[in-house]
Amino acid sequence: MRVQNTRVGLPKRFTHRGAIYDTQSDLVALAVPLIEQARRRGSPVVLSVATSTERLIREVAGPSDLIRMAAPEQELRRSGQTLASLRARELRELTDRDGPVVVIVQHDPDMGLLDGRTWVETDAAMNVALTALPVTMTCLYRDPLDPVLAAAARWNHPLWVGEDG
């Protein structure tokens, strides 16, 4: 017997979206409709945002039922692939228990989590690591973006959203 192909076709269930904001108020205006839509569907909402952003979102959207995704440990911040696999494991546990999940991520170079190169690698790796999970992830980028990061963001996010979600 000769094996021609060992690849397994996984259904693509992951939706990776991007959005651009100018101010914290714009960010909240983008995030809140996504949260409200998820609540109407009964989907959990995970936040991976700066603490100050989380506080603003909770003030507008309400404090209950929003899940905070903990920042990665320092040694994991150097590898985008490692971070993507960690997030995939965390989100797989959540989706196995609760079904489809909405994730809101804030890109903020001042957060000090990842340098630009690692952020781009993480973003790209998410497309692979999460492909079979029922996750809708929206990454929020502050305008203006560095041209290299902007090109990578366009490449890694096939969909872009506005304030209406």
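Before I turn to the fold, one term: a residue counts as buried when its relative accessible area is under 20%, as exposed when that area is over 50%, and as partly exposed in between, with a 1.4 Å probe and protein chains only. What you see above is a predicted model, in which local features need pLDDT of at least 70 and side-chain atom pairs count only at pLDDT 80 or more, while totals for chains, interfaces and linings use all residues. Residues are numbered from 1 along each chain as its sequence is written, and side-chain values use heavy atoms, with hydrogens and water left out.

Let me begin with the sheet. Helices (H or I, at least four residues) and strands (E, at least two) are DSSP runs numbered from the N terminus, and two strands are said to pair if DSSP finds at least two bridges between them. On that basis six strands form an open sheet in the order 3-2-4-5-1-6, with parallel pairing. Strand 3 (66-68) and strand 6 stand at the edges with a single partner strand each, so one side of each has no neighbour in the sheet.

Strand 1, residues 15-21, is mostly covered, since five of its seven residues are buried. Its pairing with strand 5 (residues 135-142) is parallel and runs over seven bridges, and within it H16 has M137 as its bridge partner. Towards strand 6 (residues 159-160), strand 1 has two bridges, again parallel, and here R17 is partnered by L159. Elsewhere in the sheet, strand 2 (residues 45-48) is joined to strand 3 by three bridges in the parallel sense, and V45 stands opposite L66.

Helix 3 (residues 80-98) lies across strand 2, strand 3, strand 4 and strand 5, and runs at about 150° to strand 4. L86, in helix 3, is buried, because its relative accessible area is 14%.

What about the interior? A nonpolar core is a set of buried Ala, Val, Leu, Ile, Met, Phe, Trp, Tyr and Cys residues joined through side-chain atoms within 4.5 Å. The largest has 23 residues, and those with the most contacts inside it are V46, L91, V103, L130, V135 and M137. Two or more residues come from each of helix 3, strand 4 (101-107), helix 4 (116-129), strand 5 and helix 5 (147-156). Apart from this core lies another, of 20 residues, including V32 and L140. As background, nonpolar side chains in soluble globular proteins tend to be buried together. Leaving aside neighbours within four places in sequence, the contacts of M137 include F14, H16, L91, V103 and M126.

N156 belongs to helix 5 and is buried, because its relative accessible area is 4%.

Finally, the aromatic side chains: rings of Phe, Tyr and Trp (its six-membered ring) pair if their centres lie within 6.5 Å, and planes under 30 degrees apart count as stacked, over 60 as edge-to-face and the rest as tilted. The structure holds one such pair, formed by Y141 and W160, which is tilted, with 6.4 Å centre to centre and 40° between the planes. Y141 counts as buried because its relative accessibility is 1%, whereas W160, at 35%, counts as partly exposed.

How values were computed
Contact = heavy atoms within 4.5 Å. Axes fitted to C-alpha atoms, helices over the stretch in contact; angles between N-to-C directions.
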